[in-house]
Amino acid sequence: MRTSDRHPERELQGDLRLTDCESGAVENVSLTPAVLDRYRAAYDRFQEGLAAVASRRHAGLLALDVEKPVVPQLAQLFEQGRYSV
Amino acid sequence: MNLGAWAWGVFFAGLVALWGALFLLQRLKVRHREQRVLTTLFWHEAQEEARARTLVERFRHPLAYLFIAALASLLWLAASMPSRKDQTGERFCVLVDGSADMAGQGRLARAVERAEEWAQRLPRARTEVLWVGANTETLLAAGEDIAWLRTRLAARDAEACNSRTGAVLAAMADAKDAAGRSPRFVVIGAAPEGGRSLPENLSWTHEDPAEQGEAAREVVALGLTPDAERWDQVDVRLELRGVQAAADWSLDLDGAAWQGTADEQDTAKGKAWLLRGIPANGQTLHVQIHGVQSERGRAALRLPDRRPVAVFVDPAVNQGPLAQVLSADPSLRLTGAPAEAAVCVAGPDTDCGGKPALRLVPQAAQEQAFLLQHTGELDDEAALSLALGEFGLDRIDARDMAQSSGWSIALGSTVGATREFRLWTELLDRGRISFVESRAFPIVVGRALHWLAGEAPVVPFLAAGSPLPLPLSTASTGFAPAADVMALTAGDWALPDGSTVPAALLRGAAGPAWNGPPAQPSAAFPGGTWNLLPWLLALAFVLFLTEWFLYKGQRLP
């Protein structure tokens, strides 16, 4: 994940035609505050869902910021037993 | 600045409407910017793209709106046909000469171009364009859309008539406005003819679309006179300009080439030829200048039909001075067969079979010494004028005859079933009166018989644009044609008596030279080339290009 994923307004503004880089799906979006709120709500629901799945399976969930070096983030996990993004 | 298409109020109302419509479209329009993202999963849930197409959201992309509004405003102004504002309130009239002088060598096409340029230049609301051919017609009324001018001029061609721009100019100069001003005129064509009263402050300019150095080759005059010695022949005079030799023109009679000789003479306008002894048999004479295609290079003339009149003379009256006059007149052919005669000479009671007759009647039988009976085609004044003038009775010294005879020598007219001319038998008595010894006697008898025969009058010439000339008084018969008959163009024209004669386009009948105020230079007229339209369109194109480059550079959504 990226830390900017939850705050797309830092990179995206105005009326956009968003194209999914994997599936090619297209969404026409006008970035208004209401839309951004709904986006963050959808994003949070997804993150909560991931955590719930891991919890049910007694597994851990590690979220890595792909825009930062991975090794220090893993080292922090091993040193402190947890890593927060 | 004036607007040629509509009023200022309409212009501004249209501008506001355009801006409003563009404003609404701007609010409804969504311009997407392409962007690739890792996933659209969350956007799909959150998207409310349809809610962006509303009129109540925040107004976006004001710069794009300004560009399109400016572009639309320029095009709207261009459609309004702006022109320079004229403050003087003067009226203008453009006269386009449609006469035969405009035929050939592209003259009319050049005149049409100049007329369109003048119509563009002068204030549209107070300028009219007229076509001056055989008749005057409005090509473009004041205030009309100028696009109509080209359409209406496209179907025009030079007419076979003399130029009338001088007459039209004189007539319209009298149409003054509230300030007492005459219109200002632009004459495009041949120099206007003169001969009319014109205001001294007449303002006009002239443009002649003729090519420099063009030399006119044309018929100046074509006419005839009866031959002095032969009743059945005429002499024809032909005058040409720009033609030096008889070999440069040809003449035919009803299509048959004329082979006679002509006496040549120089004139002020060119050269003239006199053709003598042409048979007066009713044929049509045609003249053609070689190499000239226009109507100016040809002319036609109808020759009179002067065959001798067949006359039956009642033996009872065929004696004495009357018999001598009848037998000596070469224009009469005496016949012993009443059936083949056109007219008869008889006593008061002789049955002429309904044919016109010259009758000798006793003095006691009629009040007047001379009585003209017509069938109602003449009024009293015309009848008396005919008898006095055409018959030659004005040559009689009626007072002397009255004194010597003691009679009242009077002339009268009446209406009857046939034409007759009645005179007292006593007038032929040499012992009582000197009528038969006067020079008028054979003239009266001869002309009366020709009138009775219904011969058409001799028309010496017929020029388009000129009134029909009166017959020659020395050797003609019939009644004078109506003075107001005028052929407007060259070609066949019908006379009041039902016959037709060809009218010719004669330069000599074109009127005198211009005698009015001199023409002003065209620079004295307002206007000049002031056309905003190309500039407006160019500016709109620059705006369009600017918006395009900004859009391609993603500086404009």
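Predicted model: local features only at pLDDT ≥ 70, side-chain atom pairs only at ≥ 80, totals over all residues.

## Overall composition of chain B

Chain B has 557 residues, of which 44% count as buried. Its secondary structure consists of 11 helices and 25 strands. Among contacts in chain B with a separation of 6 or more, 71% are between residues 24 or more positions apart. The chain exposes about 27,500 Å², and carbon and sulfur atoms supply 55% of that area.

## An antiparallel sheet in chain B

Another open sheet lies within chain B, where 4 strands follow the order E9-E10-E14-E13 with antiparallel pairing.

Strand E10 (residues 233-241) and strand E14 (residues 271-279) of chain B are joined in the antiparallel sense over 7 bridges. Within this pairing, B:Val236 has B:Leu275 in E14(B) as its bridge partner.

Strand E7 (residues 184-188) of chain B has 5 of its 5 residues buried, so it is largely enclosed by the rest of the structure. In a regular strand, side chains alternate between the two faces of the sheet. Both faces of E7(B) are covered: B:Arg184, B:Val186 and B:Ile188 are buried on one side, and B:Phe185 and B:Val187 are buried on the other.

E7(B) runs parallel to strand E4 (residues 92-97) of chain B, to which 5 bridges join it. In this pair, B:Val96 has B:Ile188 as its bridge partner. E7(B) is also joined by 4 bridges to strand E8 (residues 204-207) of chain B, again in parallel. There, B:Val187 stands opposite B:His206.

## Nonpolar cores

The largest nonpolar core has 42 residues, and those with the most contacts inside it are B:Val345, B:Phe370, B:Ile409, B:Phe421, B:Leu427, B:Phe435 and B:Leu449. Both strands and helices of chain B give two or more residues to this core, including strand E19 (343-346), strand E21 (370-374), helix H8 (380-390) and helix H10 (440-452). H10(B) gives the most, with 8 residues.

Beyond its neighbours within four places in sequence, B:Val345 is in contact with residues including B:Val311, B:Val313, B:Leu322, B:Leu358 and B:Leu449. A second, separate core of 27 residues includes B:Leu222, B:Leu224, B:Trp273 and B:Ala280.

## Cysteines

The structure holds 1 disulfide over all chains. B:Cys344 and B:Cys352 form it, with their sulfur atoms 2.1 Å apart. The torsion about their S-S bond is about 95 degrees, so the disulfide is right-handed. Both B:Cys344 and B:Cys352 are buried.

A:Cys21 has a relative accessible area of 35% and is partly exposed, whereas B:Cys161 is buried at 1%.

## Positive phi values in loops

A:His58 is not a glycine, yet its phi is positive, at about 55 degrees. A:His58 lies in the loop between helix H1 (33-56) and helix H2 (70-80) of chain A. Its relative accessibility is 77%, above the 50% cut-off, so A:His58 counts as exposed.

B:Asp254, also a residue other than glycine, has a positive phi near 50 degrees. B:Asp254 is located in the loop between strand E11 (249-253) and strand E12 (256-257) of chain B. With a relative accessibility of 48%, B:Asp254 counts as partly exposed.

Methods. Residues numbered from 1 in each chain as written. Chains lettered and ligands numbered in written order. Heavy atoms only, no water. Buried < 20%, exposed > 50% of the residue type's maximum accessible area, 1.4 Å probe, protein only. Contact = heavy atoms within 4.5 Å. Areas by Shrake-Rupley, 256 points an atom, 1.4 Å probe, with all protein chains shown as cover. Disulfide = S-S within 2.5 Å. Core = buried A, V, L, I, M, F, W, Y, C linked by side-chain atoms within 4.5 Å. Pairing = 2+ DSSP bridges.
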